[in-house]
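Let us walk through a structure together. Take it one step at a time, and keep the picture in view.

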Amino acid sequence: MTGGEVPTPETAEAGPIPVVEGLFTFPIGQEPPRLLASRCNACGETFFPQRRFCARCSSPDLAQVLRGPHGRLYTYTVVYELFAGLESLGPYAVGQVEMEGGLRVQGLLTGSEFEDLKIDMPLELTFLTIGTDERGRPIVTYAFRPAPPGGDGP
Amino acid sequence: MREVAVVGVGMVRFDQYPQRGITDLAVEAVLAALADAGLAWPDVQATWCGAAGQGMTAGTRVLAELGLTGAPITTVDNASASGSTAFREAYLSVACGLYDVALAVGVGKMTGGSGAAPPVDRREILQMQAMGFLPPAGVFAMRTRRRMHEYGATIIPYARVSVKNHRHGALNPFAQFQKEVTLEEVLQSRLVCDPLTVLHCCPISDGAAAAVVASLPRARRLGARPLVRVAASAFRSEVYSSDGQLGPAITELTARQAYEEAGAGPEDMHLVQVHDAFTVEEIDYYERLGFCPRGDGERLVEEGATTIGGRIPFNTDGGLLARGHPIGPTGLAQVWETVLQLRGQAGRRQVEGATAGLCQMIGAGGVCVIHILKR
């Protein structure tokens, strides 16, 4: 529903690039991606995206941790109407996904019809191509797709 | 701290004014507030101007039109809460004894391209999409979807907030929309972010609003009409909460502070104005401001408790949904409405016997500002 197909390791030579650095593990081929989160060594709270100071206790002592790939859909929307200049993006689905330890992560939802989205459905991380750069390289981000039945939940 | 009264209010009807600039709008509101107070611009000892995204030093630029008196002017940007923050600063300056007369004005022009310009660079657009870009309606669509799930609600109670606030707006000659809408119209209007249609969302507006505050002795010398006092001014920035939702938690904390300062509780309020940029917010705030337990908000609007004539009318001027939301002045429009109501000058939308009103605003970023006014 959003973006194109998932790049495979064979196309990796064509140089898929992450849309921004520091959000998820890369390169493609090491599926599924994991999210790069911060865990506060002082109070134990975890954040995504990563932070320099803890939002809860202001400690600068944060360590990078990996989160995912499993989660559950906490809530979602389908964006139909966008600001002028952004129309080419839509429509697309966005969710908040609850991961282990209660960490809530926002991301694009893929691999499901809009009408099949349901709060509490099990999801897993995947790569999603959301465009190409001027050299034709796929630009990828993380996204959530329905987890196959019987998969281990968070 | 000294007691402070609101001695004058004025506003320009919120609407879309493609031909009018912010100076024109702000000056009209300031002159209306000064006339209401029986004061002139040179009487104002200090001004705070709430203006979100209106360019550098919007306050000094627009007020220069009225004459260069030398009185300090400060521009305040706290997104939707800019006008409320300006009001608080003007109030504090008089309360602490620095001045006897201070002005708060808010101005906002969202038409004509002076709002936030969307990025044009393709890479920049894709970067926004990295975590799933959400326009404001998308954030509140997700919150609506979650509330519906938690409380077993349909979209109907949220749509009823829009119906109610448009009904209030139809009674307010200063509202952008002065026409009632039906439940069917709300449900069948254009889908913006599922499940929210456009009538669940506040419009794009231009406008200005102003309020003059004065020390009690000065206020008494100005005239005999019912004196409206500032009973509480509470202000907080966001406190970390793992649910990451701006608005509900911060409103609860700020309200607690405001009620304590006023020596009053929700049961003492006769009308309430809140940041209903999206319908679900008003229902969240029923609960967070203490007017019903968690999970009962939907029932409160369904029962008609928050309509004019009900137990506790909310957004008596139409709220952001119908009165409009030019961002910077919106908090001062709430003060305008509350002052008129407490003076008994609200015409067809008058809440009978109102002596205490609460104004709540949320500003993206985020902040919450709550004022309690009493007659």
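How many residues does the contact take from chain B, and how many from chain A? It takes 26 residues from chain B and 32 residues from chain A. Two residues are in contact here if their C-beta atoms, placed from the backbone, lie within 7 Å.

This is a predicted model, in which local features need pLDDT of at least 70, side-chain atom pairs count only at pLDDT 80 or more, and totals for chains, interfaces and linings use all residues. Residues are numbered from 1 along each chain as its sequence is written, while chains are lettered from A and ligands numbered from 1 in the order in which they are written. The pLDDT is the predictor's confidence in each residue, from 0 to 100. For chain B its mean is 95, and 97% of the residues reach 70 or more. The complex gets an ipTM of 0.93 and a pTM of 0.94 from the predictor.

Go back to the side of chain B that touches chain A. Helix 4 (122-128), helix 5 (136-151) and strand 5 (191-193) of chain B each supply at least two of its residues. Helices (H or I, at least four residues) and strands (E, at least two) are DSSP runs, numbered from the N terminus. Helix 5 of chain B gives the most, with 6 residues. By type, this side of chain B has 15 nonpolar, 7 polar and 4 charged residues. Ala, Val, Leu, Ile, Met, Phe, Trp, Tyr, Cys and Pro count as nonpolar; Asp, Glu, Lys and Arg are charged; the others, Gly among them, are polar.

Now look at strand 2 (residues 46-50) of chain B. Is it mostly covered or mostly open? It is mostly covered, with 4 of its 5 residues buried. Buried means that 20 or more other C-beta atoms lie within 10 Å of the residue's own, all placed from the backbone. Strand 2 of chain B runs parallel to strand 4 (residues 101-109) of chain B, joined by 5 bridges. Two strands pair if DSSP finds at least two bridges between them. There, Trp48(B) has Ala104(B) as its bridge partner. Strand 2 of chain B also pairs with strand 3 (residues 73-76) of chain B, in the parallel sense over 4 bridges. Here Gly50(B) partners Val76(B).

Chain A has an open sheet of 3 strands in the order 3-2-4, with antiparallel pairing. Strand 3 (46-47) and strand 4 (62-67) of chain A stand at the edges, each with a single partner strand, so one side of each lacks a neighbour in the sheet.

Conventions: A residue is buried if 20 or more other C-beta atoms lie within 10 Å of its own, exposed if 12 or fewer, and partly exposed in between; C-beta atoms are placed from the backbone.
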